[in-house]
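Work through the exercises below with the sequence and the 3D structure at hand. Each task is followed by a solution in steps.

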Amino acid sequence: MDTNKQQNVQPIPPFNEKNEETPDMGGGLSVVEYWAEHTLSTEGPKLWQTLLHKSACLSCSWGTGGQKGGFTNETGEKLQRCMKSVEAISAEIKPPIPNNFFGQYSIENLQQLTSLEADRLGRLSFPVILREGKSYYERISWDEIYEIAEAAFRKLPERVASYSSGRSSNEAAFLLQLMMRTLGSNNLADCSDLCHAPSTVGLNQMFGTRTSMVSLENLKNADCVVLAGSNCAYNHPRLMNELIKLRDRGGKVIVINPMMEIGLVKFGSPAFPLKSLLTGSEISSLYLQPIPGSDTALFIGIQKSLIEQGLIQKEYLQAHTEGWEAVVENARELSWETITNTCGVSQAEIEAAATLIGRSQRVVFAWAMGITQQANGVDNVYSIANTALMTGNVGKEGSGVMPVRGHSNVQGFGSMGVTVKLRKEIQEALEKLLGRSLSRVQGYDTRCLIEAAQAGKVDTLICLGGNLYAANPDSTQAKRALGNIETIIYLATKPNLGHFHGLASKNTIIIPVLSRFENPHKTTVESGNNFVRLNDEGQTLLKSADLISEVEFLTELAHLIHGDYPVNWRQLQDTRYIRQLISQTIPGFEKMATIDDTKEEFTISGRIFTEPRFPTPTGKATMFVTPLPQLTLPQPKDFGLPDSTQGVVVALMTGRSYSQHNTVVYKIGDRYRGMPHRNCILMNRVDAEKANLQEHQHVTVQGNAGKMENVEVIYGAVRQGAAVMFYPEVNTIFNPLIEKRSGTPAYKRVPVCVYT
Ligand SMILES: Nc1nc2c(c(=O)[nH]1)N[C@H]1C(S)=C(S)[C@@H](COP(=O)(O)OP(=O)(O)OC[C@H]3O[C@@H](n4cnc5c(=O)[nH]c(N)nc54)[C@H](O)[C@@H]3O)O[C@H]1N2
Ligand SMILES: Nc1nc2c(c(=O)[nH]1)N[C@H]1C(S)=C(S)[C@@H](COP(=O)(O)OP(=O)(O)OC[C@H]3O[C@@H](n4cnc5c(=O)[nH]c(N)nc54)[C@H](O)[C@@H]3O)O[C@H]1N2
Ligand code: SF4
Ligand SMILES: [Mo]
């Protein structure tokens with residue numbers, strides 16, 4: 001049986017029909033061409049200066065850079081800087097927006113800009129305000145900013161909120177939450193609410209920890225990686241090097257993704273110029289394509305097969321877990337028919353995955369947005385971790401569970417207490433610092449913040465980076481909600497759609513801040529692998545600009561609101577003192593106290609598990625039974641369309657193109673998926689033909705909150721019933737289900753009707 005099953009292993013997935021124009025592998029020479037084009041261009045010297053600066057890469061959470069130099073990862077390996085990093089830096093070193101710009105273009109003009117056009121305006125280089133009833137942003141003095149901000153923060157604490165994005169430093173994040181909590185507000189919405197919150201919730205429930213339990217060294221010792229709902233070929237390119245090396249040493253990679261992402265089949269990495277770059281390295285040993293939103297069923301299927309093949313580690317379960325009997329029983333009882341009907345993957349494929357996992361010695365289970373951005377995101381996480389536990393793969397060298405995080409410091413924001421689900425240890429430490437209790441009022445996460453604003457319950461909002469407007473679903477709702485807030489203060493490096501659409505009713509202020517590599521002080525960030533990096537001081541290349549550091553602005557504002565309570569805020573402008581505070585209040589950050597002297601970047605203590613003992617009351621992991629999702633799609637008539645409409649309803653997976661960073665679009669096309677511009681829907685040929693559509697035809701795509709017209713149909717390697725479109729544009733047409741335990745929107749299973 002086993003030999004047969006092994007033969008079933010398929011590196012290429014069943015739904016593999018690519019668009020003719022798409023390349024046969026991810027990465028490849030074009031990556032190097034991009035490097036060459038940019039580093040040799042007129043911006044080349046500035047780029048190199050920034051690339052060589054001792055600070056962490058701005059882009060993703062993989063965490064390249066820092067004290068060992070711009071090209072080094074945390075294990076000291078060189079040549080670990082990818083072109084996404086160049087893309088991100090290139091955007092930040094653009095010339096400043098001219099002084100007379102905002103006087104020339106009204107808000108109405110600015111609202112016509114696309115995301116790409118907004119970003120290309122250049123760096124924000126002086127503070128501006130849009131006053132009530134006015135149609136132009138105008139320059140504002142720092143004195144007036146502080147006057148308006150202070151008054152805005154004197155509102156009832158429950159009516160004051162913050163939103164943050166994960167690019168700022170730990171120091172800024174710590175200040176933000178301390179300022180808000182000192183005020184008595186827990187309204188600390190963060191982009192992670194839209195992102196990995198289900199991972200945080202799920203891991204906390206099961207293991208009493210909230211982040212990846214695997215270090216980079218651990219990953220290097222794995223002999224199998226299960227990669228579910230992640231397109232790391234685009235979004236965490238240096239993780240690809242680890243997968244290449246794993247395959248080289250005979251390990252296996254199981255990819256779980258409704259879409260065939262070509263870079264997960266084959267990837268040409270510049271880190272291996274001779275053996276990989278031109279010819280490409282094989283990545284997937286087995287590629288499974290479940291129905292969007294059905295991963296729980298797929299993982300239960302894997303569990304069932306593990307049980308049937310006698311591959312579960314019963315002794316491990318007995319010794320180190322609780323609740324395992326019910327989980328095993330559930331998998332045993334569910335019929336194969338129910339499982340395969342729910343996930344759309346055949347029993348043979350599922351069994352092949354189980355065999356690979358069960359026969360491997362050290363398996364890492366990694367996942368990203370395809371798993372979390374679902375109405376049952378927490379169950380998805382449970383089902384993955386249940387599978388890991390059943391095979392004894394948590395708390396063991398070279399194995400474990402690994403959420404692949406988003407922004408370069410999004411994890412640091414959570415660690416610093418920028419969350420509506422504060423850890424008890426931090427709460428107690430902050431209460432000690434404040435000499436009083438923290439407010440017990442439940443804070444608003446990102447979706448709740450939008451709803452509270454819509455209901456007129458928010459007066460003041462401060463946004464530390466990000467793009468709250470465009471990151472949220474249902475842009476019309478987001479715009480209306482933000483419009484009910486009296487004062488919004490945006491701290492940003494670049495202009496974005498949010499600054500032009502997310503306007504307050506009285507005052508909207510944009511404060512231009514220094515980038516990570518420009519701050520006059522040292523800062524730190526935390527990678528998705530729980531590694532803290534130290535960023536050196538730098539200088540801005542914007543010579544006559546009027547920029548401020550995030551730390552300076554937040555400390556000045558906090559000083560105005562709170563005086564010298566509970567700390568001398570202005571003293572904290574020397575960020576060394578913030579790090580002292582962090583070391584005293586944040587668990588695992590003891591080494592932060594000495595990092596200025598030692599320059600020693602470190603792994604946060606208590607995060608990596610190589611023994612199966614967990615920080616739960618019993619020391620055991622808790623397993624939860626995961627219900628199967630009910631996945632039906634509505635009919636065209638449910639969209640209010642007449643019966644005569646020739647249309648097809650699909651589950652839309654909304655996400656990133658090759659050339660964008662979240663809401664910021666760098667290039668309009670996506671060459672690896674053969675999507676020439678942003679207004680495309682990638683779908684399976686069979687679905688299109690069902691609705692009498694042809695490739696390149698222009699169609700309407702309608703969700704439950706609006707429609708997009710003139711969308712070009714592109715055929716691609718996605719399973720039937722699923723389709724792909726890009727955010728932020730697509731956020732105009734739907735208001736999704738929300739995962740109840742984490743607050744995260746189901747961005748990856750959006751029912752839409754495609755018709756002409
Ligand atoms: N260059 C670049 N890097 C980035 C970012 C960026 O925008 N650009 N963003 C950063 C951030 S904040 C984040 S969160 C990460 C995002 O990184 P990813 O999570 O990799 O990005 P996404 O494009 O959202 O989607 C991931 C994959 O999920 C798959 N998927 C969709 N639905 C399902 C499903 O139901 N099941 C399964 N198994 N898979 C599914 C999609 O086909 C897609 O391949 O990247 C970070 N890094
Ligand atoms: N439909 C759909 N929607 C999604 C997603 C999806 O997959 N599908 N993904 C969701 C996810 S995973 C996330 S994380 C969110 C992202 O949501 P956000 O994090 O809110 O959005 P970004 O686009 O990353 O924010 C970019 C802006 O941050 C600012 N910025 C950059 N660097 C700095 C800095 O150093 N300091 C400051 N103060 N500002 C800076 C710049 O002004 C830039 O324009 O979007 C979510 N929305
Ligand atoms: S993998 Fe991520 S952190 Fe590393 S260089 Fe690329 S974008 Fe930066
Ligand atoms: Mo994210």
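**Exercise 1. Find which helices supply at least two residues each to the lining of the second largest cavity.**

Step 1. The helices are α4 and α13. Helices are DSSP runs of H or I with at least four residues, strands are runs of E with at least two, and both are numbered from the N terminus.

Step 2. Apply the rule for a cavity. On a 1 Å grid over the protein atoms alone, a cavity is a set of points where a 1.4 Å probe fits but cannot get out, while a pocket is an open set with protein on both sides within 12 Å along at least five of seven lines; lining residues have an atom within 4 Å of a point. The count comes to five cavities of 30 Å³ or more.

Step 3. The second largest cavity holds about 90 Å³ of space. Its lining has 14 residues, and C57, C60, T64, C82 and R238 are the closest to its centre. Grid points are joined across faces, edges and corners, and a volume is the space filled by probe spheres set on the points.

Step 4. Sort the lining of this cavity by class: five residues are nonpolar, six polar and three charged. Nonpolar covers Ala, Val, Leu, Ile, Met, Phe, Trp, Tyr, Cys and Pro; charged covers Asp, Glu, Lys and Arg; the others, Gly among them, are polar.

Step 5. Assign the lining to domains. Domain 1 (3-12 + 201-405) and domain 2 (26-92) each give at least three residues to the lining of the second largest cavity. Domain bounds come from an automatic or database domain assignment.

A note on the basis of these solutions: this is a predicted model, in which local features need pLDDT of at least 70 and side-chain atom pairs count only at pLDDT 80 or more, while totals for chains, interfaces and linings use all residues. Residues are numbered from 1 along each chain as its sequence is written, chains are lettered from A and ligands numbered from 1 in the order in which they are written, and side-chain values use heavy atoms, with hydrogens and water left out.

**Exercise 2. Describe the largest pocket and explain where it lies.**

Step 1. The volume of the largest pocket is about 690 Å³.

Step 2. Its lining has 32 residues; T200, N204, R210, K421 and R423 lie nearest the centre. Two or more lining residues come from each of α10 (197-207), α23 (410-415) and α24 (424-434). The largest share, five residues, belongs to α10.

Step 3. The lining of the largest pocket divides into nine nonpolar, 15 polar and eight charged residues.

Step 4. Residues of both domain 1 (3-12 + 201-405) and domain 3 (101-195 + 409-512 + 542-586) line the largest pocket, so it lies between these domains.

**Exercise 3. Are D474 and N662 buried or exposed?**

Step 1. Locate each residue. D474 is in the loop between α26 (468-471) and α27 (475-483), and N662 is in the loop between β22 (660-661) and β23 (664-665).

Step 2. Read phi. For D474 phi is near 50 degrees, a positive value in a residue other than glycine; for N662 phi is near 55 degrees, again positive in a residue other than glycine.

Step 3. Apply the cut-offs: buried means under 20% relative accessible area, exposed over 50%, and partly exposed in between (1.4 Å probe, protein chains only). D474 has 10% relative accessibility, so D474 is buried. N662 has 15%, so N662 is buried.
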